[in-house]
Amino acid sequence: MRETTDEDIDQLRTGIGGFPEENGSEMGPTRGRSFSLDQMLVDSGILASGQVAKAQATARTEKKPLGRILVRDGMVLPRDLATLTAINLGLAMVDLRSETIDPQAVAKVPEYVARQYTVLPVAKVDKRLTAAMADPTDLQLFQDLAARTGSIIEPVVTTEEDILEHIDREYRLTAQPMFSDGSEGESSDSSAQRERVTAKHLRDALPAQVIELLLSQALQDRASDIHIEPAENRLRIRFRIDGILHEVMNLPAEMHPTIISRLKIMSGLNIAERRRPQDGQLNFEGADRDGGVRKIDVRLAISGTVAGEMAVLRLLDKDKFKLLGLEQLGFIQETQAQYSRLLRLHHGMVIVCGPTGSGKSTTLYASILQMNRIQNKIISIEDPVEYRIADVNQMQVHAEAGITFASQLRSILRLDPDVILVGEIRDQETAVIATQAALTGHLVLTTLPANDTVSGLIRLRDLGVPPYLIASSVAGIVAQRMVRVICGTCRVLAPLPLRAQQAYTSELGEERERFFQGTGCNACTDGYLGRTGVFEVMMMTVALRQLFLEDSPRYQLGEQAARDGMIPLRRDGMLKVKSGTTTVLEVERALFTLE
């Protein structure tokens, strides 16, 4: 970043961007040049003078900055506006996603001030405070920040969206007014002294406020689950982000009973029951990391431990799910072509295998979205129904009412379906009915807990389904895992340990020393941002069916599947390493076995 001189700062404080100076001196941080946004846009050829004049009239009427009006109305791109502003003022242009933001600098400015001026402190060195701004021509902003912080303000320029995104992130654990004593006379000085929320802050908060804060932070952190776990002398809070648990907070142990009771009330559960497991659901509306407001369904599971009741909240993001398709799941071209062929069948069983949390249900939902739901009658039986899909008849298991996978499957067969989705095969009865349905002209999609495709085939036999039924009904099996994706913002080429290089070479047969990996930045978690799937697709060929009926060993089934065109999970993972999508260490973590 460019370090602005004291003289530049003085000029910024005394009037820039159309604030006339009484002594008639030059304005702006660049000598000999006055900064005028309207003139700059015309001179650069971005807008005509008539367009600028119209935008100025709108800005005066709405009493908003000209730049904000131009961006809102789509006349100028935010990044272009910020770049021109930086060039004309001689300031540094930054991307906050690649910057390391100092929490001590953030603590110098209250959140409401940051939002009011659209400014974010980035770094603090001695008496100099570097602040990212969308509008560095705001005189009031410099005066207010200098008075509050007692620092010399060093401006850098970025877009308003970039600042707002990082305000949400950096202040997400900042104490809100709900933690104050409720007095209206709270001074600005006390507001400036607010710190990041700790267990001490939350000790005096109401349980509902604590839960709201945790849900808000989880949404901004892209967490899929919140784990509330009691211990002897603390209440541990962990978030599952991209499949990995991260400890985010430890609360006082005495807060545990009230938080669990409040969760039960919010989910309509029995607060007096403390020994038996309970499941419930609640709705939450909060702001995501992009500044938008989203409605999230939260699935709650509570179960007792020796230290007290443990709770897990799963966040079901319906808006995010709407964007899913097979091409977004992580299939490489060959495996996606194989899987698409299976989905075009009119009958047979397609099984998706993998451990809990490997994305099996997501794959089935994405598969349904690829089908013609007008010409095909699709019925699903799930436990529970996580996402509603248009034009799909979805049923939910209810064991207490006698509604099980097996009983519903019998009734579904009388409803003339084309495609049947069975959430999971858990017992022999369900397995047998599903295979019989696949033989009677229905395409059955289902999941099965197994480590790979061959294990899925053997697992179905172990459930008690006759081998001849399996060989006749199963059309293909998909096995999958989820691996974290390297963050595109901080991705660099770097050498890996020899063991990781050997793992890559042994799978793909090529030597390589340097691989892409994330270094960690404000946009990601530990160098990773998001997840993608690793897949293997086994098509049930004639040769494979014959080996299975002959009760051949597991390794022979795997070798035959590979000869028939199956790309194993580990190879698929290493191909994603080769393309720079993920890392060797991540593939090794997701696919670790003792074999």
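In the predicted model, helix α22, spanning residues 542-549, packs against helix α23, spanning residues 554-563, with axes that come within 9 Å. The two axes cross at roughly 175 degrees, and α22 is therefore roughly antiparallel to α23, since angles over 145 degrees count as such. On the α22 side, the contact is formed by Ala543, Leu544, Leu547 and Phe548. These residues meet Gln556, Leu557, Gln560 and Ala561 of α23. By residue class, the contact of α22 with α23 comprises six nonpolar and two polar residues, with no charged residue taking part.

The cysteines were examined for disulfides. A disulfide is a covalent bond between the sulfur atoms of two cysteines. With sulfur atoms required to lie within 2.5 Å, the count comes to zero. Cys490 is accordingly in no disulfide; the nearest cysteine sulfur belongs to Cys524, at a distance of 3.8 Å. That pair is not counted because the cut-off is 2.5 Å and the separation is 3.8 Å. Cys490 is buried, with a relative accessible area of 7%. Cys524 is also buried, its relative accessible area being 13%. Both assignments follow because buried means under 20% relative accessible area.

Of the 595 residues, 49% are buried. The accessible surface comes to about 28500 Å², and carbon and sulfur atoms contribute 48% of that area. Among contacts with a separation of 6 or more, 63% are between residues 24 or more positions apart.

Technical notes. Residues are numbered from 1 along each chain as its sequence is written. This is a predicted model: local features need pLDDT of at least 70, side-chain atom pairs count only at pLDDT 80 or more; totals for chains, interfaces and linings use all residues. Side-chain values use heavy atoms; hydrogens and water are left out. Buried means under 20% relative accessible area, exposed over 50%, partly exposed in between (1.4 Å probe, protein chains only). Contact means heavy atoms within 4.5 Å. Accessible areas come from the Shrake-Rupley method with a 1.4 Å probe; for residues, only the protein chains shown count as cover. Axes are lines fitted to C-alpha atoms, for helices over the stretch in contact, and angles run from 0 to 180 degrees between N-to-C directions. Helices (H or I, at least four residues) and strands (E, at least two) are DSSP runs, numbered from the N terminus. Angles under 35 degrees count as roughly parallel, over 145 as roughly antiparallel, 65 to 115 as roughly perpendicular and the rest as oblique. Ala, Val, Leu, Ile, Met, Phe, Trp, Tyr, Cys and Pro count as nonpolar, Asp, Glu, Lys and Arg as charged, and the others, Gly among them, as polar.
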